[in-house]
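Could you walk me through this structure in my viewer, one selection at a time? I am new to it and would like to know what to click next and what is there.

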Amino acid sequence: MRRSLLSSLRAHVGRLVAACLAIVLGVGFGSLAMIVHASASHGVDETIGAQYKGVDALVYPDRATISPDDVAKVQKVAQAASTVTLTTAYMNVSYPDLVRPTGLPIDTLYGTAEIPGPAASAGRLPSTTNEIALPARTAAKHKVSIGQQLRISSYDDKSWTVTVVGLLDDSKQIGTASAFATPAAVKMFDPGAFVRGVALAAKPGVTQQQLADATQAVVASGLTVFTGEAFVEHEIRDITSGIDVLGGVFGMFALIALFVACLVIGNTFTIVIAQRTREMALLRCVGASRRQVFSSVLAEAAVVGAIASAIGVVFGVALSALALALFREFDWGIPAVPLHLGLASVFLPLLIGTVATLISAVVPARRATKVAPLAALRPEVAPAAASRAGVLRLLLGFLLLAGGGVLLVGGAMLHEVLVGVAGGALSFLGILAIGSLLVPALIRLIGALPARSGGVPARIAVANAIRNPKRTAATTSALLIGVTLISLTCVGIASVQKTFDVSMNGQYPVDLKVTAYGEKMPANAEQQLRDIQGVTQVVPVRTATVGSGENELTVTGLDAGAAGSVIHNPELAGRLQPGTALVSFAVMRSMKVDNGGPITIVSGKHRLTLTVQQAHGLDQVTVTSADLAKLAPNAPVTGFWLASDPEADGTKVIDAVEQSLPSVKSLGVDGGLAERSSYTKVFDVLLIVGIGLLGVSVLIALVGVGNTLSLSVLERTRENALLRAMGLSRRQLRRMLAVESLLMAVVAAGLGIVLGLLYGWAGTSALMGGQTVDGSVEYAVPVTLLAAIAAVAAIAGLLASLLPARRAAKVAPAGALATE
């Protein structure tokens, strides 16, 4: 059987190429996911470990602050060889490229023989109170060089001039990097600087746990003492939670790609075994047992799976190295990490790919053993229209579809994500189970149009597409999974984003509020703000302060006609009418006024009674400009409300606004744009990553479509030759196969988009229904994306038919008719 196996592999290697390609893609993608995750986790481990090198125990302010008394007690711990107090002063610094100061954390310089401190990558470390060392990336961003002087200021308006004497390597820093100054300088900057921890090194012979226990006994009860190793793990856990979640997402997509690959592999082996029926029967006739035939097919699958999986692992390693190189080359805000190849990330995909191939080949292998030798040598008869197994499968499919649909609706109505996921999975399995009935019916329906207008080739293509319902359903199932998941991702993210936008409009109705504290706005302030790229609307606001002490209120006046251009909530903007005051809930509670009730505001000799309307996200009291003029006729313009372009980069808009109006000393900028932009970026990244990852499964599925057509061409060699002999041209033959491929792709894409809409909406309701204030959910239909998905699937279906059609057209009619 070994010689038979090797001969079979050599003879049918061309037919197994598509299965190999599916395995390579599935395993390669799984390897990529696992290697990138392992490299990121390993890189974080190395980075955090390096930051706390030599630390055997650390006092951490868990539920209390570290007092000077605690520091003094820790320094007297007998088991400690040395201690270092980790202190940070949060200051402001004036960079030459910025109009106003910005925040800068400054850590106390430290370093002992046991606990090494920071090292300068350029220049030297500070030695006097008027020197500072900056993180290298921060210095490069603001074009600060060694020897340059900077102005440091505190929050109580004290300031100092310091000289940059060194740069610190922060290329592997996770989070915000700090500057360093001498302990005397930090104490001068902020006498009450925050103590973020006390690090200890153990004396020889003292374990980390012994040092931690001795230290815990002397500090306040609200402080936690970690061993050095435990604290590194604590920091890694905080940072890698996102990496672990990302690894889970990558793993899920890798499993999806591998599942689709299994469908392609199973379909390929089914067709190959069906074409080798005579060969298998001949083996049985010459003495091979059913067990030997079964074993030979599985051995063939094992060899194919092992070789293709090994190639896939190499492919995944190459992609991982390329991805990590891009992270290092471009500043994407991700710390550069080296390639780390763990045993699991290399051998697990190899094992899974091989086992998945074996499992996919079990059913075809069993089918190969069920045909009697003499029966297999007779001419092949047409398959039966129905069988007991087929009827049972259809019944099971309809039961799964009905039960899953009930769970899906229940999960959406009850806002239970797990129930919805279970319902979606069951209903989708039901769709796959009834595919042999559903897919041919849809092909007949959609194929009616080309059958009428496309002539004989189109009619033959429709007939060929539905000739073998099980094979057609299996082929389209792989593509259906990919399209459904991509559509679900697009619809779900669009719906969640729309729901989030509506919720944000209620909580943060204004993008940006620009306020000058205690000084006048310059005359050209409005025009300066309008000139900022990304700002679409600027509306001036006037303010008046009324009352005193605890009863002091800030009343903001806004032009009612322009309110709708900067307030995203149309209902809220419509409430701003003469005689109405939009009042925050806190003010309503403190003044004990009800929604819809009256409120009387007094400013000097002026008194104004207005109707209260509760408002979220605006100032304490917001009225029309006309009403404010009655209350404070000389109220100055103290700020502006801004609207931004949704397509603009919110972070850049905020930075530009914060650095605008240079004549204003103290400029306040707040609003919902920062939060809106951060979530928008998350949605965009999720969408890109989701479509990119799921696109791999679609690629594998299209390989399956091309593979099915190729093998179908081989099966129908005599039939195609007869059509050629009867007058069908090569062009018409190619068109026939293109229509057949296109029909399968269009049916899979259309059904997948419909299912993606239903699953996306149901998932959004289950996920977001309990998260919004009023339980409302907004549903979206990303028409452009869905149309693009359908177009890509159709084009890819046509491309999948090129090679099979070319192969079919090359065969001469006379030669093909002689083929056995």
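Start by selecting D627: at 3% relative accessibility it counts as buried, where buried means under 20% relative accessible area, exposed over 50%, and partly exposed in between, using a 1.4 Å probe and protein chains only. Before you go on, note that this is a predicted model, in which local features need pLDDT of at least 70 and side-chain atom pairs count only at pLDDT 80 or more, while totals for chains, interfaces and linings use all residues. Residues are numbered from 1 along each chain as its sequence is written, and side-chain values use heavy atoms, with hydrogens and water left out.

K630 forms a salt bridge with D627, their closest N and O atoms lying 3.8 Å apart; a salt bridge here is a side-chain nitrogen of Lys or Arg within 4 Å of a carboxyl oxygen of Asp or Glu. Both residues sit in helix α21 (residues 625-631), three residues apart, about one turn of the helix. Helices (H or I, at least four residues) and strands (E, at least two) are DSSP runs, numbered from the N terminus.

Next, select R575 and E571. Their side chains meet in a salt bridge of 3.1 Å, N to O. These two are four residues apart in helix α19 (residues 570-575), so about one helical turn separates them. E571 is exposed at 56% relative accessible area, while R575 is partly exposed at 28%.

For a pair of another kind, pick D619 and K513. Here the closest N and O atoms of the salt bridge are 3.3 Å apart. The pair links distant parts of the chain, 106 residues apart: D619 is in the loop between β16 (606-614) and β17 (621-624), and K513 is in strand β11 (residues 512-516). D619 is partly exposed at 22% relative accessibility, and K513 is buried at 9%. By the rule given above, the count comes to eight salt bridges.

Let's turn to helices. Select α25 (residues 730-768) and α26 (residues 783-800): their axes come within 8 Å and cross at roughly 155 degrees. Axes are lines fitted to C-alpha atoms, for helices over the stretch in contact, and angles run from 0 to 180 degrees between N-to-C directions. The two helices are therefore roughly antiparallel, since angles over 145 degrees count as roughly antiparallel, under 35 as roughly parallel, 65 to 115 as roughly perpendicular and the rest as oblique. To see the contact (heavy atoms within 4.5 Å), show side chains including A738, L742 and I753 of α25 and L786, A790 and L798 of α26.

Finally, select α14 (residues 435-453) and α16 (residues 469-507). Their axes also come within 8 Å, crossing at roughly 90 degrees, which makes α14 roughly perpendicular to α16. The contact is made by G435, S436, V439, P440 and I443 of α14 and P469, K470, T472, A473 and T476 of α16.

Zoom out to end the tour. The chain has 28 helices and 19 strands, and buried residues make up 46% of its 820 residues. Among contacts between residues at least 6 apart in sequence, 80% join residues at least 24 apart.
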